[in-house]
Amino acid sequence: MRTVPVLVAAALATSVLPAIPPAAAAGPGIHRILLTPTARPDRSQYVSWSRSASSSGQRVVAVAPNGLTLTAPARRKLGTTPGTAGSRQYRYVASLAGLVPSTRYRYRIVGRGVTTRWRAFTTAGPANRSFRLLQFGDTQNDNDGVPDRIITAATERFPDARLLLQAGDVVNKPWVGREWAQLHEALSPAGQWRNWISSIGNHEQCELKSPCRSGAGRGFRSSFQFPSNGFPDQRRTWFFVDQGPARVIVLDSFASDLRRQRSFLAHALRTNRRPWSIVLMHSGPFASVGNRTNTEVRQWFLPTLQRYDADLVLSGHDHSYARGRKAGVTYLTSVSGPKYYDSSSRDWRAGGATRVKAAYRTSTYQVITVTPTTLKVRAVVGHRGQGARPATKVGQTFDGFTLTR
């Protein structure tokens, strides 16, 4: 695979989403509305939301452009408690099925005595339909500040982006209810009009953090509804989603089942019939912090990523920007919050990889354009901390590259 300049596919010009209105109340008693993808986002859609009290008889109503109305009943899923996530939230999810690819649907949530305003989503296109996605690194700290501004700026600048990816550590202290409230504010309204995927980080499940309590990542598992692909003993924190010319594979790099995930990763890469494989995990194989090495991730995942020709591996955890390559695979780690670590190429060299680009105290978001023949990535500066370098201004592209078939 080589890197060459490429123009954005013309197909993207016809897929711009309507302007997203300012954030508004979801409806009486309904809040934290979020769209997340099923395994087939061209044919189905998850819609989830929270209530402060238990309520039955809720449903999602969706209307197609031709007036066809679909209804999906809600089911109550895992909620949160004051001890595990700082507040009691009753979480509900509905799965809309029988959808038509590349189609815009209006939707709203209906319950006893409550109806939200209309919102909309657009289903994914077929395997040959180009699309754009946005990717964010760790948000973690003060989600109502820098992360909120970066997500808002990115989604307003690129209204045609169909999918939003985030690389874990969505909060800092998972037992604090205010942090989850701030996260959902940062995800709104973008996550009510586009599909959102987060890989689970170490903070959400109290790994490498003590004292800490999370109820085994209950706040994360409550907030996000992700699919099952039918793999034996699969957990909902690792899965894959097919959209357009790409398969997006999500892993849980701090779980205790890395051996099982390695088998799943091999299966997901080996069976992918789409041109591109994009892998998302919190902690990548090559650490960008000078005194850190991601030994287990490198041991369990790196040979499989190389053997089955993954194209792009996206991660966070190191609170800095770095991009490199090894054996034909491109690795990119980034941060989208205000917390930074110093950056080093030491672990990249120790792992036999070449670090190509790095930034210091710089938050970015990645704009990724996926076509059947190209994967174009641009890293846009979203925030600069004190002493940031290089001197790329907020809103400008810091790094860019194109993978070609």
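This short talk goes through the aromatic pairs, the charged contacts and the disulfide of one predicted model.

Good morning, colleagues. I begin with the aromatic side chains. A pair of aromatic rings is described by the distance of the centres and the angle of the planes. A search of the whole structure gives 16 aromatic pairs. I shall take two of them in detail.

One of these pairs is formed by Phe 158 and Tyr 365, in an edge-to-face arrangement with 6.4 Å from centre to centre and 70° between the planes. This pair links distant parts of the chain, 207 residues apart. Phe 158 belongs to the loop between helix H2 (146-157) and strand E11 (163-166), while Tyr 365 belongs to strand E19 (residues 354-370). Phe 158 and Tyr 365 are both buried.

The second example is Phe 226 with Phe 239, a stacked pair at 4.6 Å centre to centre, with 25° between the planes. Phe 239, at 0% relative accessibility, counts as buried.

To return to Phe 158 and Tyr 365, both belong to one aromatic cluster, together with Phe 136 and Trp 196.

The charged end of Arg 247 sits over the ring of Phe 240, at 3.9 Å from the ring centre. In a second case, Arg 405 lies over the face of Trp 276, 4.2 Å from the ring centre.

Arg 405 leads us to the salt bridges. Side chains of opposite charge can pair when their charged atoms come close. The count of salt bridges comes to 10.

Which residue is the salt-bridge partner of Arg 405? The partner is Asp 311, and the closest N and O atoms are 3.0 Å apart. The two are 94 residues apart: Arg 405 is in the segment after strand E21 (397-404), and Asp 311 is in the loop between H6 and E16. Asp 311 is buried, with a relative accessible area of 2%.

Strand E21 itself contributes Asp 399, which pairs with Arg 323 of strand E17, so parts 76 residues apart in sequence are tied together. The closest N and O atoms of Asp 399 and Arg 323 are 2.7 Å apart, and both residues are buried.

A further salt bridge joins the side chains of Arg 292 and Asp 318, at 2.5 Å from N to O. Arg 292 lies in the loop between strand E15 (276-280) and helix H6 (295-307), and Asp 318 in the loop between strand E16 (312-315) and strand E17 (321-326), so this bridge ties together parts 26 residues apart in sequence. Arg 292 is partly exposed, at 22% relative accessible area, whereas Asp 318 is buried, at 1%.

Finally among the charged groups, Arg 235, Asp 252 and Asp 257 are linked in a network of salt bridges.

I close with the disulfide. The structure holds one, and this disulfide joins Cys 206 to Cys 212, with 1.9 Å from S to S. Why is the disulfide called left-handed? The torsion about the S-S bond is about -70°, so the disulfide is left-handed. Cys 206 counts as buried at 19% relative accessibility, and Cys 212 as partly exposed at 25%. The cut-off for buried is under 20%.

Technical notes
Residues numbered from 1 in each chain as written. Predicted model: local features only at pLDDT ≥ 70, side-chain atom pairs only at ≥ 80, totals over all residues. Heavy atoms only, no water. Phe/Tyr/Trp six-rings, centres within 6.5 Å; stacked < 30°, edge-to-face > 60°. Helix = DSSP H or I, 4+ residues; strand = E, 2+ residues; numbered from the N terminus. Buried < 20%, exposed > 50% of the residue type's maximum accessible area, 1.4 Å probe, protein only. Lys NZ or Arg CZ within 6 Å of the ring centre and 35° of its normal. Salt bridge = Lys/Arg side-chain N within 4 Å of Asp/Glu carboxyl O. Disulfide = S-S within 2.5 Å.
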